[in-house]
Amino acid sequence: MALLRRPLLVLLLVVTHQFLQLWIVFGSVNEEGQKQEEFFEELLLKPLPDRKLLTHFHFQSSAPPSSNGRHHHLFPKAISQLVQKFRVKEMELSFTQGRWNYESWGGFDSIPSSNAKPPGVELWAVFDVPQHLIDALWKNLTHTLSGLFCASINFLESSTAYSAPEWSFPPASGNLRYGTLPREAVCTENLTPWLKLLPCRDKAGISMLLDRPSIYRGFYHSQRLHLTSTGSGSEGLDPGIILEQTLTVVLLPNSQRASLARASEKHIQPSWSLRSIFGKEVSGKCVLAENSNVYLLLDRGLVAELKQLHKEDEESAEKVLASENYWTNPIFELSAKPDRIFIEESSLLSKNSSILYKFEVEKYSESEPFDLGLTWKIPVVWLCQQAPLHASRFLMGSGNERGAIAISLKSTQSCEGFTGANFDDERCELRVDVFQVVPWYVKVYFHSLQVFVDQQPKAVSDIIEKIHVSPSKDKVSPGVMELVLKLPCSVSSAALTIEFDKGFLHIDEYPPDANQGFDIPSAIVSFPNFHASMVFLENDSLNKSPLLSKFQEKSPVMSYTEVLLVPLTTPDFSMPYNVITITCTVFALYFGSLLNALRRRVAEEERFLKDKAAKKSGRLPLLLSKLSAKLRGRHSEPPHSTPGSSSLVNSKLVFKVILVAGLAVCWQYYFS
């Protein structure tokens, strides 16, 4: 009978397990059959010109307004509660290590414009509350995010650490707060809470590839969280909360060619596969995901170079690039056959089109895992498309008293024409927005602003169309500068300089590593008339892919400058230690001498010394002295100290006490 019960018990457990999976998958469907909560996971792979590989993980979870405050099947409840409690309309949080190389990795497509972030922590949020409640909600939000992601985001609660941009930082809104922590270190303690927001975490699906050593070994990595909250109940609106999680990593693949014999082979791109990069393979999609896809993107510059290497005319070459058999060709070879191939529509800025290969992960399993690999056969050299102007920032001056900040803009000449500028027969202008936040201890003189175009000084009113300045207040708020520049389309270089004085801090306001210097956050340079987007041919699968839909959105081209390190005058932090040491030494000498003089007994000490000397001399002299005393008929008496010696000792004792007391009185009078 027991043998018959075991198969029934096992069958019951299996059926229960399958039912729970189906309930989780379809539990987000309401009674009317309308889908409520959805989850998508996608991965984008893109070869870079400097022998590196860009890996971009994209996860998106969505929930309608009706499910706020209730039990969630897929959407993280912590994010839903955060949006409800702090009335967050839109928020973005990023943890970044390294700096995006705009010259080598490009700055005109959607990835650098939306996912290239400054080093450290960047947080901005838009609140749906009146103005007088924003600062209080911002402080509570920073504390909540600090505990949620195990970071020092709570340092942004101080009014000296955040600002309120007016119009230069997208999204421009009066209820916006922006803050950065350039020196915040990024480690696995921040990645683990980020992964816990995923339904499958890193146990299944594409997130299985998130190997910690591989990620933090890269040249650049940035984990980003962006959420959008819309109104509730209205028809035609997007879901109430959309949570977008991205992880952008730039890695150097382990090249299978350890040594290249010929000099002409130095440009051969390293061959790679998912297993060689992350040490793992994808054994299927996450059960809770609607779509699980991997994309391989060949950008416009690479496609143009491949056309030249194919030695065919452009039309036939493009057809070959998009053909089903092009995944294995004389130039490169893919280890897996793509399921779909998308071609970008030609833009006005470039005659070339990007090509996107799509691989569906749901067709693979543990017995047949997915491991995409790319093998290059011949050298390929290309350049990524750049922004109209390359922005950089540096310090000028010397010493610990004054200095200047310079922002340099150099033409990349990557665009065939400034289509986003205002064309006119007489004048063509290029608009550039600059947003700069300076800490309060760097006292900027905004009247010293100077503009140089093509190394020639220009009047500020001729170049700057609009300016908004918020001067800093000591220990209250930082300085904010927002500029709108109108540069001629033929400009080759431009520069902005502004002078500043270095302030003084209280000793309690210095960080532990004050001698390293103080950071000035990155400046943001954007080009509102230029939009980074990749529009692919119309297809039903594009509407189901949040990543491809994101690429088709017109986002303004934006770039971050370097973080500046400003040395300030620092006190001698060893001086308190020296004062404490010498003070304790003097007090020890004073009280030690005083107690020694007060507690010493001179007579007993002399008697003790004589007895000790007698013991050292031996018993024979003592016996002889006693024998001579008996012969003379006298008693043997121990030697006594003379009155003169005792009076001398007493006078020395009194002198020591008076001397120590006098020193103590002088010390007290001098320091009072």
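Tutor: Two strands pair if DSSP finds at least two bridges between them. Helices (H or I, at least four residues) and strands (E, at least two) are DSSP runs, numbered from the N terminus. This is a predicted model, where local features need pLDDT of at least 70, side-chain atom pairs count only at pLDDT 80 or more, and totals for chains, interfaces and linings use all residues. Residues are numbered from 1 along each chain as its sequence is written, and side-chain values use heavy atoms, with hydrogens and water left out.

Student: What is the bridge partner of V451 in β19?

Tutor: K458 is the partner of V451. Strand β18 (residues 442–453) runs antiparallel to β19, and three bridges join the two.

Student: What is the strand order in that open sheet of five strands?

Tutor: The order is β15-β16-β22-β18-β19, with antiparallel pairing. β15 (389–396) and β19 (456–458) are at the edges with a single partner strand each, so one side of each has no neighbour in the sheet.

Student: And the open sheet of 11 strands, what order does that have?

Tutor: That sheet reads β5-β6-β4-β3-β7-β8-β2-β1-β10-β13-β12, and the pairing is mixed. β5 (162–163) and β12 stand at its edges, each with a single partner strand. Within the sheet, β10 (residues 291–298) and β13 pair in the antiparallel sense over six bridges. L297 stands opposite L356 in β13.

Student: Switching to E122. Where is it, and is it buried or exposed?

Tutor: E122 is in strand β4 (residues 120–127). Its relative accessibility is 0%, so E122 counts as buried. Buried means under 20% relative accessible area, exposed over 50%, and partly exposed in between (1.4 Å probe, protein chains only).

Student: Which side chain has a polar contact with that of E122?

Tutor: The side chain of Y560, at 2.9 Å. A polar contact is a pair of N or O atoms within 3.5 Å; within protein, one must be able to donate a hydrogen and the other to accept it, and residues adjacent in sequence count only if both atoms are side-chain atoms.

Student: Now E344. Where is that one?

Tutor: E344 is in the loop between β12 (340–343) and β13 (355–360). At 3% relative accessibility, E344 counts as buried.

Student: Which side chain does the E344 side chain make a polar contact with?

Tutor: That of R300, at 2.5 Å. R300 and E344 are 44 residues apart along the chain, and their C-alpha atoms are separated by 9.1 Å.
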